[in-house]
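Reader: I am new to protein structures. Could you show me how to read helix packing and strand pairing?

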Amino acid sequence: MKYILALIFNILIPVSLLGQEQKAAQYLQKIRNNEAQLTAFMAQMPKGGDLHHHFSGSIYAEPLLEKAIKLDYYLHTETMAVAKDQAGQKNWKRFSELASEGRLEGIKNEILRRWSVKDFYTGFYPSDQLFFESFDKFLPALHEEYSPGMVELKNRAIAENVSYLETMFTPVYSKVNIQDLTAYDAELRQLMHQSDQQAVLNLLENIYSKLMQKESMNQAVIWNNSFIQHLHDSLKIDDERFSMRYQKYVLRFKNPVDLFKDIVISFMSANQSDLVVGVNMVAPEHGENSMKDYRLHMLMFQFCHQKFPRVKYSLHAGELAMGQVAPENLTWHIDEAIHTAKANRIGHGVDMPYEKHSYELLRYMSHQKIPVEVNLVSNRFILQIKGDKHPIKLYHDFKVPMVISTDDAGVLRTSLTEQFVLLAKSYPFFTYANIKQLVYNSLDYSFIKEAAIKQKLRQDLDRRFKEFEAKIP
Ligand SMILES: [Zn+2]
């Protein structure tokens, strides 16, 4: 009898579990054209991790504004930028001054409209400019204190059933003096212009050895890593339900040597800390220096990859649209990020249809398991790429691994839930099983270093999915 019961039990359990998953899949098919029903579904669905978002852009504008008012910062009444001190400067006024003039309440909404997409309508302001310019306007308020933002991100993640964040957290802070090296800027660009890649790598080796002779390089690594470690520990960011890890980022508009110094420090930081799991490069890809030096940047990453082979990095590549840059510049950025820079993940990859060898590249990404971080709301707002203009079907058909991310929930006033709603509604070829795979990808392709943490998050995700599927109507 015991044997028979055990046999029945063993057969019944998998069948009933499969049943739950099928039920969820059928329910999704039934509701996927109703946005409210779909939102209820996606809000409760476990979503694993968000691997592509910038810490500063993920915080909502309201708490930042509140802080700036509390600290009585200065506001530029034309641009809506804030600053700690602009005493006596034209158009700059303290918040207390605005309040005493009775203008503060009226101007608050103006500020939110420049710090985020609040009340945005076509014709208000160029959308890409609004997005990228917003950061400089609110950053002084953010830099005052990181803790509230970290807690806000964690709490929001938990509330929408997200268990992991891999945030692009801080730029590189350093006191490394590179006055003696800036003459190499012109030389690097010149060699790049001559397409002499080996000469560029040789020169980078030379600059690298000079940088490594500076004690301030090591000091920068120690300072940057302990800054993160202290915040992470003192706020008890990791707990039973949630983990956060950090990517160090560099700014792609900087001049070559300055940027290279930051890349080296970032790789050193990621090489030495379990919390700093990767490196990224940010700022508009279509910016002047970013476009001019793109190939050079890819070689810098290749160089650092050879020096620090264990360090993982993701690169924003192909976050470009027709009309934004010359068409020939839509044809090679993803390819270079993969083949030259050896990126572990690609951020956006939106211009894939224009890539010169897109089929080969897609096949390569699929075989090598190089995922693309898909940011649907961001692409829709900044690049006007949506519907079947988005290459998501190409990636899907070529079986390139994908993750779904927010980039950035604060400025864009969105959430990870909304990304999945948009995905399920706009792209009906994604089955429930596919969507579930995307969620698991967000842990499997994360840069988490500690195997135990990854395993714990994965097991926790299994449990969350079981719970979720069991309560589907
Ligand atoms: Zn981004």
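Predicted model: local features only at pLDDT ≥ 70, side-chain atom pairs only at ≥ 80, totals over all residues.

Reader: How are two packed helices described?

Author: In general, one gives the angle between their axes and the distance between those axes. Here, take helix α9 (residues 184-193) and helix α10 (residues 197-212): their axes come within 9 Å and cross at roughly 160°. Angles over 145 degrees count as roughly antiparallel, so α9 is roughly antiparallel to α10. The crossing of these two helices is left-handed.

Reader: Which residues in α9 and α10 meet?

Author: On the α9 side they are Tyr 184, Glu 187, Leu 188, Leu 191 and Met 192, and on the α10 side Ala 199, Val 200, Leu 203 and Ile 207. Sorted by class, this contact has eight nonpolar residues, one charged and no polar ones.

Reader: Thanks! Now the strands: is the pairing in the sheet β3-β2-β4 parallel or antiparallel?

Author: Strands of a sheet pair through backbone hydrogen bonds, and both senses occur. In this open sheet of three strands the pairing is antiparallel. β3 (82-83) and β4 (92-94) are the edge strands, each pairing on one side only. Between β2 and β3 there are two bridges, and Leu 75 stands opposite Val 82.

Reader: Where can I find parallel pairing?

Author: Look at strand β8 (residues 312-317) and strand β9 (residues 345-348), which pair in the parallel sense over four bridges. Together with helix α15 (residues 333-339), β8 and β9 make a right-handed β-α-β unit. β9 also pairs in the parallel sense with strand β10 (residues 372-374), over two bridges. From β9 the chain crosses through helix α16 (residues 358-368) to β10, and this crossover is right-handed.

Notes. Residues numbered from 1 in each chain as written. Axes fitted to C-alpha atoms, helices over the stretch in contact; angles between N-to-C directions. Parallel < 35°, antiparallel > 145°, perpendicular 65-115°, else oblique. Left-handed = near helix turned anticlockwise from the far one by under 90°. Contact = placed C-beta atoms within 7 Å. Nonpolar A, V, L, I, M, F, W, Y, C, P; charged D, E, K, R; others polar. Pairing = 2+ DSSP bridges. Right-handed = clockwise from strand over helix to strand, strands pointing away.
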